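Good morning, and thank you for coming. Please look at the sequence and the model on the screen while I speak.

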Amino acid sequence: MSFRKVVRQSKFRHVFGQAVKNDQCYDDIRVSRVTWDSTFCAVNPKFVAIIIEASGGGAFMVLPLSKTGRIDKSYPTVCGHTGPVLDIDWCPHNDEVIASASEDCSVMVWQIPENGLVAPLTEPVVTLEGHSKRVGIITWHPTARNVLLSAGCDNVVIIWNVGTAEELYRMEDQHPDLIYNASWNRNGSLFCTSCKDKSVRIIDPRRGTVVAEKEKAHEGARPMRAIFMSDGKIFTTGFSRMSERQLALWDPDNLEEPMGLQELDSSNGALLPFYDPDTSVVYVCGKGDSSIRYFEVTDESPYIHFLSTYGSKEPQRGMGFMPKRGLDVNKCEIARFFKLHERKCEPITMTVPRKSDLFQDDLYPDTAGPEPAMEADEWVAGKDGDPILISLREGYVPTKQRDLKVNKKNVLLENRPAGGKLAAPAAHAPVPSINVSASHVDSDRIDEVLEELKSLKTLVKKQDERIELLEEQLRNIKNGDA
């Protein structure tokens, strides 16, 4: 006779959250009070960015991770927007590039100095203007360099090529009401949105078509969220008709009924989901809650398995989520959150208890690295590519080679003129290049350049002779010989 196991086996069952000590928090930060359901915080392995209260416009603060303790009131901010900042997002392929969206209807992309700000940053690298109402959502393409999605209160989604400051795709007719959030899939071929009309849509941006749509994904009227899982399924958070908060998992091939549905509680804060594709763990944080719940998503029914809850006394105003490459693998840390209080930012680590000090392969499979899988032009041409993975066995260290490569290729650095905006390369201008297939064209071009160089040398020589002659005449005049 066999007994069924009562407790489901999972290596994440004993994950525990722990707030860092007070001296490792970021204190005296005036976190934004704007009424908008975004995270207000964005984190990468170098910096933490926080949207703050600012008079006469919008601003956010960018702090090196090591700059803990009390932050001086005079600490420089990024303050180029004329209205409150609503959303910020770090570029996944360059840890010094961040995009911001604002009530002033614009999206701005900023280059943060390597060691952080020493003076207020007012000039963005590029300003993207195409929305007619405030812009509340921005998210970078996961695998293509310089591709950015923005969504505004005009119910329009725009895909930008940041490198040329141009609109690639504009989707105006897909959403009849306010868009709550947008999320790319693993390779960036599709994105999903949640909308005030209670529908979740899967959209192909290059065709501008709705691939699949689920009406009334959650029947409640309060805001919901939808994010892509790495296997293509969709995880949503929302409210029931009785205003109870819900989680659901959907199969895009069959959106009639959810694969799994769980009711949590009857609080009224919007649930913000954070997903780790390497461990298939979803962390759910409610705005105004003082807890973080986490769930494991698997292929076994009921698909969404509750793991545990991290609880604290203070409610959260926003939350930042560190990419996997910024974690401490020696301490078996599988997630790190940056919880925003009213006047401070508090890091919270999620750890799997292990006795061994060795690298834990099962906790840290190869994860998405900072190298993009393709350029923007390749993505527009129809190419798709999964993220380029890196190993965390030795911990993540940005190599000099990587920085040099990104800086060399990245037009965010290359094409910055004195004015501060990106110089958009002419779309059809012929670019001289030397390649084997067009060697006869290039040899003519080289001959032309050499001929021009020769004539310039001759001209310089003549000018030198003329200057010498004039100098001699001047000397003769002075000596009274002339």
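Predicted model: local features only at pLDDT ≥ 70, side-chain atom pairs only at ≥ 80, totals over all residues.

Setting aside residues up to four places away in sequence, isoleucine 50 touches Ile29, Val31, Phe40, Cys41, Phe60, Met61, Ile88, Leu340 and Cys345.

Now please find serine 291, which lies in strand β26, residues 291–297. Is serine 291 buried or exposed? Its relative accessible area is 14%, and because buried means under 20%, serine 291 counts as buried. When neighbours within four places in sequence are left aside, serine 291 is in contact with Val284, Cys285, Gly286, Thr309, Tyr310, Gly311 and Gln316.

I turn next to the charged pairs. The count of salt bridges in this model comes to 26. I shall begin with arginine 170 and glutamate 172, whose side chains meet in a salt bridge with an N to O distance of 2.8 Å. Arginine 170 is partly exposed, at 35% relative accessibility, and glutamate 172 is also partly exposed, with a relative accessible area of 43%.

Arginine 245 deserves a separate look. Which residue forms a salt bridge with arginine 245, with the closest N and O atoms 2.8 Å apart? That residue is aspartate 265. The pair links distant parts of the chain, 20 residues apart: aspartate 265 is in the loop between β23 (260–263) and β24 (271–276), while arginine 245 is in strand β22, residues 245–250. Aspartate 265 is buried, with a relative accessible area of 19%, and arginine 245 is buried at 0% relative accessibility.

Arginine 245 also meets the side chain of aspartate 289 in a salt bridge, at 2.6 Å from N to O. Here again distant parts of the chain are linked, 44 residues apart, with aspartate 289 in the loop between β25 (281–286) and β26. Aspartate 289 counts as buried, at 11% relative accessibility.

Finally, let us consider the surface. Ile446, Leu450, Leu453, Leu456 and Leu459 form a nonpolar patch there, and together they have about 450 Å² of accessible area. One of these residues, isoleucine 446, is placed in helix α4, which covers residues 439–479. Why does isoleucine 446 count as partly exposed? Its relative accessible area is 38%, and partly exposed covers values between the 20% limit for buried and the 50% limit for exposed.

To close, I return to arginine 245, which is buried and forms salt bridges with aspartate 265 and with aspartate 289. Thank you for your attention.

Terms used:
Residues numbered from 1 in each chain as written. Heavy atoms only, no water. Patch = residues over 30% accessible without salt bridge, like charges linked within 9 Å, V, L, I, M, F, W, Y side chains within 5 Å. Areas by Shrake-Rupley, 256 points an atom, 1.4 Å probe, with all protein chains shown as cover. Salt bridge = Lys/Arg side-chain N within 4 Å of Asp/Glu carboxyl O. Helix = DSSP H or I, 4+ residues; strand = E, 2+ residues; numbered from the N terminus. Buried < 20%, exposed > 50% of the residue type's maximum accessible area, 1.4 Å probe, protein only. Contact = heavy atoms within 4.5 Å.
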